[in-house]
Amino acid sequence: MKLVYTLFGVLLSVGASAQIIFEEYFDNGMPAEVVLVNLDELTPDDPDLATMADSAWTVRNISAQGFGGGSGSDAAFSVSWYEGDEGPSDDWMILPGVQLGSDPYLSWTGMAITSSGDFRDQYQVFVVADGQAIENFFLAAPIFDTGNEGEEIEETFHQMSLADFANETVYIAFRNFTQPYNPDLPTGPGNGGNELAIDNIVVSEGAVAVQEIPDVEIRCWPLPADNELRVQFDQAANDLTWSIVDLKGKVVLQSSEGDLAPGAQISINVSALATGNYILNVTANGSSSTTQVSIR
């Protein structure tokens with residue numbers, strides 16, 4: 001099962017039965033536990049990316065075309081436009097092992113970075129249970145493939161059930177596999193690529209919920225929260241108020257924040273709350289949204 005959402009005004013949160021098993025937001029660079037494999041060994045055409053000549057993926061702050069609501073976000077970054085329009089790209093990012101439960105899901109956000117919208121990177125996602133070595137992925141079929149037209153040019157949320165791997169330890173790989181530009185073919189999606197951003201990789205027990213609040217994208221983490229719940233507003237949020245309500249309907253925390261600029265964060269001290277599930281209500285720009293959050 002696959003769910004795809006374009007992240008304009010989307011609130012991503014952990015659903016009532018979901019529990020985070022693994023999460024990676026690339027806020028501290030590329031983790032040492034991630035294996036990067038550059039099989040194409042090609043050199044990017046952009047001189048500003050010369051340092052990636054021997055690198056499959058890196059972490060960059062991305063603000064092009066509204067990634068992170070236009071405020072920028074550290075994301076895993078791969079490039080597919082090479083000198084002489086060589087290709088295809090074949091760059092792998094392999095995550096460390098993750099022990100799954102009985103109802104596992106994988107979610108992430110992706111975006112093709114191309115100013116014209118024509119050169120959209122193509123990529124695949126693989127899952128194996130044999131180990132992190134690259135050779136273990138060669139005989140596996142991808143569980144996700146953008147197809148010839150590539151990723152969307154807007155930040156897009158993807159979610160896949162991993163039910164076929166329930167209760168196993170698995171290794172997840174993202175493979176940039178963009179085909180080179182062919183001047184004999186029409187220009188447009190499916191003919192060449194440029195750059196790719198992948199972020200917000202989450203493995204959860206149960207699906208991640210998706211809710212909307214118009215004109216404002218909201219991110220909540222960590223889930224479950226220990227002492228602090230951080231909430232980021234990627235677009236401007238005017239007349240912002242929030243409250244946390246227990247499952248009996250009692251308001252346990254609330255505040256008015258006024259007007260927030262794009263990219264602003266608030267920190268909610270939840271250390272006094274008992275372990276359990278709560279409802280976070282957010283009102284901004286004249287609209288409201290609710291989502292469940294967990295405290296441990």
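Me: Where is Glu41 found?
Reply: Glu41 sits in the loop between strand S4 (35-38) and strand S5 (58-62). Strands here are DSSP runs of E with at least two residues, and helices are runs of H or I with at least four, all numbered from the N terminus. The model is a predicted one: local features need pLDDT of at least 70, side-chain atom pairs count only at pLDDT 80 or more, and totals for chains, interfaces and linings use all residues. Residues are numbered from 1 along each chain as its sequence is written, and side-chain values use heavy atoms, with hydrogens and water left out.

Me: Why is Glu41 called exposed?
Reply: Exposed means over 50% relative accessible area, buried means under 20%, and partly exposed is in between (1.4 Å probe, protein chains only). Glu41 has 63%, so Glu41 is exposed.

Me: What makes the phi of Glu41 worth a remark?
Reply: Most residues other than glycine have a negative phi. Glu41 is not a glycine, yet its phi is positive, about 55°. Asn200 also has a positive phi of about 55° and is not a glycine.

Me: Is Asn200 buried or exposed, and why?
Reply: Asn200 has a relative accessible area of 11%, so it is called buried. Asn200 lies in strand S14.

Me: What is the peptide bond from Gly87 to Pro88 called?
Reply: That bond is cis, with omega near 5°. Most peptide bonds are trans. Pro88 is in the loop between S6 and S7.

Me: How do you know that Arg175 and Asp90 meet in a salt bridge?
Reply: A salt bridge needs a side-chain nitrogen of Lys or Arg within 4 Å of a carboxyl oxygen of Asp or Glu. For Arg175 and Asp90 the N to O distance is 2.7 Å, so the pair qualifies. The pair links distant parts of the chain: Arg175 is in strand S13 (residues 169-176), and Asp90 is in the loop between S6 and S7, 85 residues apart.

Me: Why are Arg175 and Asp90 called buried?
Reply: Arg175 has 14% relative accessibility, so it counts as buried. Asp90 has 13%, so it counts as buried too.

Me: How many salt bridges does the rule give?
Reply: The count is 3. One of them joins Glu152 and Arg120, with the closest N and O atoms 3.9 Å apart. This pair also links distant parts of the chain: Glu152 is in the loop between S11 and strand S12 (156-161), and Arg120 is in the loop between S9 and S10, 32 residues apart. Glu152 is partly exposed because its relative accessible area is 38%. Arg120 is buried because its value is 11%.

Me: What makes Arg296 and Asp226 a salt bridge?
Reply: Their closest N and O atoms are 2.9 Å apart. Arg296 lies in the segment after strand S22 (287-295) and Asp226 in the loop between strand S16 (218-221) and strand S17 (228-233), so the pair ties together parts that are 70 residues apart in sequence. Arg296 is at 53%, so it counts as exposed. Asp226 is at 37%, so it counts as partly exposed.

Me: Why does Asp121 have no salt bridge?
Reply: Lys and Arg count as positive, Asp and Glu as negative; His and the chain ends are not counted. The nearest side chain of opposite charge is Arg120, 8.9 Å away.

Me: Which polar contact does the side chain of Asp121 make with a side chain?
Reply: It is with the side chain of Ser80, at 2.9 Å. A polar contact is a pair of N or O atoms within 3.5 Å; within protein, one must be able to donate a hydrogen and the other to accept it, and residues adjacent in sequence count only if both atoms are side-chain atoms. The backbone nitrogen of Asn194 lies 2.7 Å from a polar atom of the Asp121 side chain.

Me: Why is Asn191 called buried?
Reply: Its relative accessibility is 3%, so Asn191 counts as buried. Asn191 is in the loop between S13 and strand S14 (195-205). A polar atom of the Asn191 side chain lies 3.4 Å from the backbone oxygen of Leu185.
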